[in-house]
Amino acid sequence: MRHIISVLLENEAGALSRVAGLFSARAYNIESLTVAPTEDASLSRMTVITSGSDDVVEQITKQLNKLIEVVKVVDLSEAAHIERELMLIKVRAAGKDREEMKRMSDIFRGRIIDVTDGTYTIELTGTGAKLDAFLEALDKSVILETVRTGASGIARGERVLRA
């Protein structure tokens, strides 16, 4: 089962490395990892996407809580949450492809953020499934380059991850 683990940790050198090391030392796979400072510059929020049984995720959570830099750990998958991912995709957009790329971008609520004579760079935000659907809808020959951030997530409603 896919789990979204949100970790609040001290914003200091080596903290990310220790969390990633915990996963690799126990042979747990990280499917996606995002990290950035929070509104409090001394703290960072890390979102880790991993797969495993509830027992495996419980073990991961316990191990994360033992790290000195970790302030709090929450499995967002346990309750209602919102997740989004960002993708930048450079596509061939010359001749007849130009209007088609504009139309596809509009259908998926993307934004064209760079234009040249032969390419568009499109910014898309949404769930991983939405971004995958966009890629599948395109002819593979028009895709020049793709960059994805990985998922970021936050609990819905009043539930808050705070120190």
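**Helices, strands and a pocket: what the terms rest on**

User: What span is expected for helix α3 (residues 96–107), and how far does the helix reach?

Analyst: Helix α3 has 12 residues and reaches 18 Å from its first C-alpha to its last, close to the 16 Å expected at 1.5 Å a residue. The expected span is 1.5 Å times one less than the number of residues. A helix here is a DSSP run (H or I, at least four residues), a strand is a run of E of at least two, and both are numbered from the N terminus. Please keep in mind that this is a predicted model, where local features need pLDDT of at least 70, side-chain atom pairs count only at pLDDT 80 or more, and totals for chains, interfaces and linings use all residues. Residues are numbered from 1 along each chain as its sequence is written, and side-chain values use heavy atoms, with hydrogens and water left out.

User: Which residues of α3 are buried, and what puts them on the same side?

Analyst: D97, M101, M104 and S105 are the buried ones. They cover an arc of only 100 degrees around the axis, which means that they sit on the same side of α3. The arc is taken from the directions that lead from the helix axis to the C-beta atoms. The face turned away from that side carries K96, E99 and I107, which are exposed.

User: How do you know whether A129 is buried or exposed?

Analyst: Buried means under 20% relative accessible area, exposed over 50%, and partly exposed in between (1.4 Å probe, protein chains only). A129 has a relative accessible area of 55%, so the residue counts as exposed. A129 belongs to helix α4 (residues 128–137). E85 is 44 residues away from A129 in sequence, with 9.7 Å between their C-alpha atoms.

User: What makes one face of helix α2 (residues 54–66) the buried one?

Analyst: In α2, V57, I60, T61, Q63 and L64 are buried. Seen down the axis, these residues fall within an arc of 165 degrees, so they line one face of the helix. D55 and K66 are exposed on the other side.

User: What makes the largest pocket a pocket, and what is its volume?

Analyst: On a 1 Å grid over the protein atoms alone, a pocket is an open set of points with protein on both sides within 12 Å along at least five of seven lines, and a lining residue has an atom within 4 Å of a point. The volume is about 360 Å³. The lining has 23 residues, and L8, T38, E39, R45 and L161 lie nearest the centre. β2 (32–37) gives the most to this lining, with 4 residues.

Methods: On a 1 Å grid over the protein atoms alone, a cavity is a set of points where a 1.4 Å probe fits but cannot get out, and a pocket is an open set with protein on both sides within 12 Å along at least five of seven lines; lining residues have an atom within 4 Å of a point. Grid points are joined across faces, edges and corners, and a volume is the space filled by probe spheres set on the points.
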